[in-house]
Amino acid sequence: MRRSPTHVVLALAYLAALAAIAFWPTPVDQGVDVLNSWPVRWLESSFGMPRPTGYDVVQTAANVVLFVPLGWLAVALTRLSWWQVTAAGFVLSSCIEVGQALLRPERFATVSDVVANTSGALLGAVAATLVLRRRVPARA
C-alpha cells in the first residue's frame, strides 16, 4: 500500500489536535452552550433532527465524531484491519482517560468516553476499509 503524503500530514495534524483536546487544562467545551451550538442547530434545521435534551447526548456524539478520523487514517496509513484499528482506538482512548485522571484532575475521565471514542474509531475504520481497500487483481 502506498502512503499518501496528504494522509500523513492529516494524521499528524489530527494527532496534535487530539492531544490538545484530550489534555487541555479544562474541558474544551466549558462555558459553551453546546445545546445551542451551530452543529446542533445545523442538524436541526437541515435534517429536522430534534434538539437533544441533555448535554450528555451532545458530548457522547462529539466523542464518537472525534475518533472517526483516527479509524480512517489508521486504515489509510497502515495494513491494519478494521478490528485491529478499533482495538488501537480502545487502547488510545483508555490511555487518554487514565492520563486525564492522573494529570488533569479538573477533567472527567469516564468509561463512557472510552466506549464513544472506540465506537468512532470503529466507524472510521470500517468506512475506510470499505472505501480504500478494494481488492486489486493479482498480477500474473
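Tutor: Let's start with a term: a residue is buried when its relative accessible area is under 20%, exposed when that area is over 50%, and partly exposed in between, using a 1.4 Å probe and protein chains only. This is a predicted model, where local features need pLDDT of at least 70, side-chain atom pairs count only at pLDDT 80 or more, and totals for chains, interfaces and linings use all residues. Residues are numbered from 1 along each chain as its sequence is written, and side-chain values use heavy atoms, leaving out hydrogens and water.

Student: Why is Thr86 called buried?

Tutor: Thr86 has 13% relative accessibility, so it counts as buried; the cut-off is under 20%. Thr86 sits in helix α4.

Student: What does Thr86 touch, leaving aside its neighbours within four places in sequence?

Tutor: Thr86 is in contact with Thr118, Leu122 and Ala125. Contact means heavy atoms within 4.5 Å.

Student: And why does Gly99 count as buried?

Tutor: Its value is 11% relative accessibility, and therefore Gly99 counts as buried. Gly99 also belongs to α4, which covers residues 82–103. Not counting residues up to four places away in sequence, Gly99 touches Phe23 and Arg104. Phe23 is 76 residues from Gly99 in sequence, while their C-alpha atoms are 8.1 Å apart.

Student: How many helices and strands does the protein chain have?

Tutor: There are five helices and zero strands, in the order α-α-α-α-α along the sequence. Helices are DSSP runs of H or I with at least four residues, strands are runs of E with at least two, and both are numbered from the N terminus.

Student: Which helices do the buried residues of α4 pack against?

Tutor: They pack against α1, α3 and α5 (111–132). Among the buried residues of α4 are Val85, Gly89, Ser93 and Ile96. On the α5 side, buried residues include Asp113, Ala116, Gly120 and Ala128, and the buried residues of α5 pack against α3 and α4.

Student: What makes a set of residues a nonpolar core?

Tutor: Its members are buried Ala, Val, Leu, Ile, Met, Phe, Trp, Tyr and Cys residues joined through side-chain atoms within 4.5 Å. The largest nonpolar core here has ten residues, including Tyr14, Leu18, Phe67, Leu77 and Ile96. Helices α1 (5–23) and α3 (55–77) each supply at least two residues of this core. Not counting residues up to four places away in sequence, Leu77 touches Arg3, Ser4, His7, Val8 and Ala11.

Student: Why is the pair of Trp42 and Phe47 called edge-to-face?

Tutor: Rings of Phe, Tyr and Trp (its six-membered ring) pair if their centres lie within 6.5 Å; planes under 30 degrees apart count as stacked, over 60 as edge-to-face and the rest as tilted. Trp42 and Phe47 are 5.2 Å apart centre to centre with 85° between the planes, which makes the pair edge-to-face. The structure holds one aromatic pair.
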